[in-house]
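Me: I would like to go through this structure in short questions and answers. Please give the cut-offs as they come up.

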Amino acid sequence: MDEGGGEKLYDFSYNSNHASVFYGNVPPLWVEGGQSPPTPTGGGKGFALRLNGRDQYVKTNSDVGNIVGDLTFAVWVYGTSSSGNKSIISTVVNGDPLIIYWDGSQVHSSWSGNSLSMPMSADNWHRVAWSYSRDLSVIRLYVGADFAEMPCNTVQSFYIGSVYAGQWYRDWE
């Protein structure tokens, strides 16, 4: 997120999967510097949205659409010690819900009958990613450089619905 403010997030890739920020009465905070996730060399500007885990979330403005080949979702997460499950990413992939959430000590993912979990500590930034490799026919859940994986049926292409960050997919409520 290079914006550093506002309610629109722009995808500068050729995909143009722009997103919007949604909230109840109080907008989420934009943070930077020491409060934001580490930035890779030559990338990003170090801005992040601090979502409250209740009524603040980010959603793509439309379905992501068809993807052929491998698939990865990745975000920086700063988990605070609180009770209850907190949505990290939720969407629908090929008609099946993909849910990535944190329960206060573990990150969990579930898609098409495939579930994975990885430990994640509170009060620190972590890169969380979920990926599908067509060549290896595996699903991986990453927290930092560590990952869990499991075999999966080969999928030739994906149709991705709207993607939510920090909120459960709206159609499931």
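Me: In which strand does T60 lie?
Reply: Strands here are DSSP runs of E, at least two residues, and helices are runs of H or I, at least four residues, numbered from the N terminus. T60 falls within residues 57-60. That run is strand 5.

Me: Before going on, what kind of model is this, and how are residues numbered?
Reply: Residues are numbered from 1 along each chain as its sequence is written, and side-chain values use heavy atoms, with hydrogens and water left out. Local features need pLDDT of at least 70, side-chain atom pairs count only at pLDDT 80 or more, and totals for chains, interfaces and linings use all residues, since this is a predicted model.

Me: Is T60 buried or exposed, and at what relative accessible area?
Reply: Buried means under 20% relative accessible area, exposed over 50%, partly exposed in between (1.4 Å probe, protein chains only). T60 is therefore buried, with a relative accessible area of 11%.

Me: Which backbone nitrogen lies 2.9 Å from a polar atom of the T60 side chain?
Reply: Contact means heavy atoms within 4.5 Å. Leaving aside neighbours within four places in sequence, T60 contacts N17, H18, A19, S162 and V163. The backbone nitrogen 2.9 Å from a polar atom of the T60 side chain belongs to V163.

Me: How many residues of strand 8 are buried?
Reply: Strand 8 covers residues 86-93 and has eight residues. It is largely enclosed by the rest of the structure, because the buried ones number seven.

Me: Which residue of strand 9 is the bridge partner of S90?
Reply: Two strands pair if DSSP finds at least two bridges between them. Strand 8 and strand 9 (residues 96-102) run antiparallel, joined by seven bridges. Their hairpin has two residues between the strands, and N94 there takes a positive phi near 50°. The partner of S90 in strand 9 is I99.

Me: And in strand 16, which residue is the bridge partner of I89?
Reply: Strand 16 (residues 164-165) runs antiparallel to strand 8, with two bridges between them. The partner of I89 there is A165.

Me: Which residues have the most contacts inside the largest nonpolar core?
Reply: A nonpolar core is a set of buried Ala, Val, Leu, Ile, Met, Phe, Trp, Tyr and Cys residues joined through side-chain atoms within 4.5 Å. The largest has 26 residues. Those with the most contacts inside it are I100, V107, W111 and W130.

Me: What is the relative accessibility of S109?
Reply: S109 lies in strand 10 (residues 106-111). Among the residues it touches beyond four places in sequence are I99, I100, W130 and L141. S109 counts as buried, because its relative accessibility is 3%.

Me: Which residues do ring pairs link into a cluster?
Reply: Rings of Phe, Tyr and Trp (its six-membered ring) pair if their centres lie within 6.5 Å; planes under 30 degrees apart count as stacked, over 60 as edge-to-face and the rest as tilted. The whole structure has five aromatic pairs. One of them is Y142 with F147, tilted, at 5.2 Å centre to centre and 45° between the planes. The cluster linked by ring pairs is F73, W111 and W130.

Me: Which residue meets R140 in a salt bridge?
Reply: A salt bridge is a side-chain nitrogen of Lys or Arg within 4 Å of a carboxyl oxygen of Asp or Glu. The count is one. R140 meets its partner at 2.6 Å, N to O. That partner is partly exposed, with a relative accessible area of 41%: E149.

Terms used: Polar contact = N/O pair within 3.5 Å; in protein donor to acceptor, adjacent residues only side chain to side chain.
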